[in-house]
Structures are given as C-alpha cells and as structure tokens.
Amino acid sequence: MDLQQIRYVLAVAEHRSFTRAARACFVVQSALSHQIAALEKELGVRLFARSSRRVELTASGEAFLPAARQAVEAAERAAAEAASAAGEIRGTVRIGIIPTVTAVDLPALLRLLHEAHPEVTVSLRMGRSDEIVTEIRHGRLDIGILGLAAGQSPSGVSSRELARDRHVAVVAPDHRLARRRRVRLEELADERFADFPADSPGRTQTDLAFAEAGLTREVAFESTTADLILGLVRQRLAVALLPSALDDEFQGLHTLDVMNGPTRTEHLAWDGFNTSPAAAALLELLPE
C-alpha cells in the first residue's frame with residue numbers, strides 16, 4: 001500500500017465518481033482505477049461498490065477512511081516539519097470561520113501569508129463556532145475565528161479575544177421604527193425576527209439578551225448566513241439583530257442602537273498543543 005493509492009481512495013470517496021476523482025488528482029481514470037483495484041486486492045476487500053452510474057463506499061471502505069485520512073495528514077505533516085527544519089514553511093493550514101467575521105480582513109491576511117510563505121496552501125471551511133472548536137480539538141482544523149456571546153470563551157483550545165461588538169437592530173427603511181436612532185429591547189419583542197438557527201452560537205447572543213430581560217420573541221425565519229437574513233429584512237418580512245461591524249452589508253436598511261441589546265466577542269482559536277508550521281506562520285501574521 002502506498003500513499004498515492006490512499007489519496008486516490010479519498011478522492012473517489014469525496015467525489016463519488018472515478019472520473020471526477022481522476023480529474024481532481026490530475027491523472028487519467030484508467031491509472032486511478034488500476035491503483036485502487038490493486039489496493040483492494042492487497043487488502044482483500046472491496047472499498048467501493050461501482051456500476052456504470054454509481055459509486056458508493058462499502059462497509060469496508062467506510063471503515064478504511066478515517067485511518068486513511070490520518071495517514072495522508074501525517075505524511076503531509078512530516079514533510080512540512082522537515083521543510084520547516086530547513087527554513088521553508090510549507091503544508092496546509094485549515095481554517096474554520098463563522099459567516100460574519102469582522103475582526104479580521106481574511107483575504108488580506110491570506111495575501112500576506114502567500115507573500116511570506118508561497119508554499120503554504122489554505123483550506124477554508126465555514127461553520128458554527130461550536131463546530132469549529134470541535135474540529136480544532138479533533139485535529140481536523142488548525143485555526144478558527146469564532147463569534148460568541150459576551151463572557152463566553154472557547155474551551156479545550158488555545159484562544160485569544162480579537163474584538164467586541166454590540167448588535168444593532170436592522171429594519172426596512174419604511175418600518176415603524178425607521179425614524180428613530182435608538183430602541184429598547186422590549187420594543188422589539190413583538191416583531192417577527194430573522195435570525196441564525198436555534199442553539200447556534202450566533203443565535204445564542206440574542207436569545208440570552210431577551211432571556212435576561214424576561215422577554216420572548218418570534219423567530220419566523222432561520223438562516224446560516226447574514227445575507228439571507230438581511231434579504232428577508234429588505235423584503236419587510238422580518239427585523240434582525242446583527243453585529244454593528246457588519247455595517248457595510250446594511251445598505252438600504254435602517255439601523256438602531258439597542259439598549260441592553262446583545263453583544264458579541266470574536267475569538268481566535270487554535271491547537272496550541274500541536275501547532276503545525278503552516279498554522280504557526282499564519283498566527284504570527286495576526287496582530288496581538
């Protein structure tokens with residue numbers, strides 16, 4: 001069994017197609033198919049059930065994947081460590097971000113990383129703060145940018161605070177509150193809201209503020225992105241409470257300061273126990 005065979009298996013598992021996997025691996029399909037068949041013969045099991053139209057993992061294939069991924073990651077980490085010892089930073093830095101990052105100009109940061117260490121590649125994944133922290137703890141992500149309610153901090157990972165922000169109420173320009181600059185939280189309690197999914201960290205910030213004020217509200221629409229939330233506000237279907245630092249996205253809408261409203265803290269999180277050279281290089285570029 002060699003590493004390239006394992007990479008081919010992972011590619012087919014991801015793309016559910018030998019043709020697309022071969023294209024992603026920059027190899028002809030016949031060569032990829034031959035290597036996987038040779039690996040299956042060596043293992044004595046079939047990793048994929050295939051027909052002319054479908055490719056699916058067998059039970060053996062599903063069992064093979066976790067260790068296969070670890071083997072590839074370990075090999076890549078070993079190569080990166082060896083290059084780092086020789087003064088060259090290489091490898092992949094895996095970053096998880098929330099959809100509403102405002103504390104870091106991520107494209108500018110990645111440009112700096114590329115200029116300083118052109119051999120480093122970047123993998124970006126968007127998700128919830130709690131999911132990102134879990135992925136870092138399990139070694140599937142290197143760095144995360146999170147948004148948590150004030151007073152909360154990620155556990156089980158290294159972290160530091162990046163920025164604090166207050167939410168503003170966002171309403172349509174002809175909303176009954178659109179002529180005002182400030183609003184009390186209780187004045188919003190009867191509104192229909194668009195917000196992030198229930199039990200998500202992005203939603204928790206607002207739910208906590210209402211609970212602490214002894215108020216309830218109706219969340220009529222849930223979305224994982226601020227874009228859709230703001231689209232619903234523009235269509236006069238709901239109001240929203242969002243971090244004020246997203247102000248560039250509020251064009252055409254009216255915002256109000258909210259007394260006793262939600263607050264958010266953005267955190268940088270990373271694996272401080274086993275930081276890869278590529279991740280360490282990115283961390284060095286972030287200002288304290």
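The model is a predicted one, in which local features need pLDDT of at least 70 and side-chain atom pairs count only at pLDDT 80 or more, whereas totals for chains, interfaces and linings use all residues. Residues are numbered from 1 along each chain as its sequence is written, and side-chain values use heavy atoms, with hydrogens and water left out.

In soluble globular proteins, nonpolar side chains tend to be buried together. A nonpolar core is here a set of buried Ala, Val, Leu, Ile, Met, Phe, Trp, Tyr and Cys residues joined through side-chain atoms within 4.5 Å, where buried means under 20% relative accessible area, exposed over 50% and partly exposed in between, with a 1.4 Å probe and protein chains only. The largest such core has 21 residues, of which V9, V12, F18, L32, I36, F48 and F64 touch the most other members. The elements that give two or more residues to this core are α1 (3-15), α2 (18-25), α3 (29-43), β2 (55-57) and α4 (59-85); helices (H or I, at least four residues) and strands (E, at least two) are DSSP runs, numbered from the N terminus. Helix α1 supplies the largest share of this core, 7 residues. Once its neighbours within four places in sequence are left aside, L32 is in contact (heavy atoms within 4.5 Å) with Y8, V12, F18, A21, A22, C25 and V27.

Helix α5 (residues 106-116) has L106, L109, L110 and L113 as its buried residues. These cover an arc of only 95° around the axis, taken from the directions from the helix axis to the C-beta atoms, which puts them on the same side of α5. What covers them includes β3 (91-97), β4 (120-126), β5 (143-149) and α9 (277-285), while the face of α5 turned away from its buried side carries the exposed residues P107 and E115.

Together with helix α7 (residues 201-212), β8 and β9 make a right-handed β-α-β unit, in the sense that, with the strands pointing away from the viewer, the path from the first strand over the helix to the second runs clockwise.

How many salt bridges are there, if one is a side-chain nitrogen of Lys or Arg within 4 Å of a carboxyl oxygen of Asp or Glu? The count comes to 19 salt bridges. In one of them, R217 and D195 meet at 2.8 Å, N to O; R217 lies in the loop between α7 and β9 and D195 in strand β8, so the pair ties together parts that are 22 residues apart in sequence. Both R217 and D195 are buried. E191 forms a salt bridge with R176, with the closest N and O atoms 2.9 Å apart. E191 lies in the loop between β7 (182-184) and β8 and R176 in the loop between β6 (158-171) and β7, so this pair ties together parts that are 15 residues apart in sequence. E191 counts as buried at 12% relative accessibility, whereas R176, at 55%, counts as exposed. The side chains of E266 and R264 also meet in a salt bridge (2.8 Å, N to O), with E266 buried at 2% relative accessibility and R264 buried at 3%. Salt bridges that share partners join D195, R203, D207, R217 and E222 into one network.
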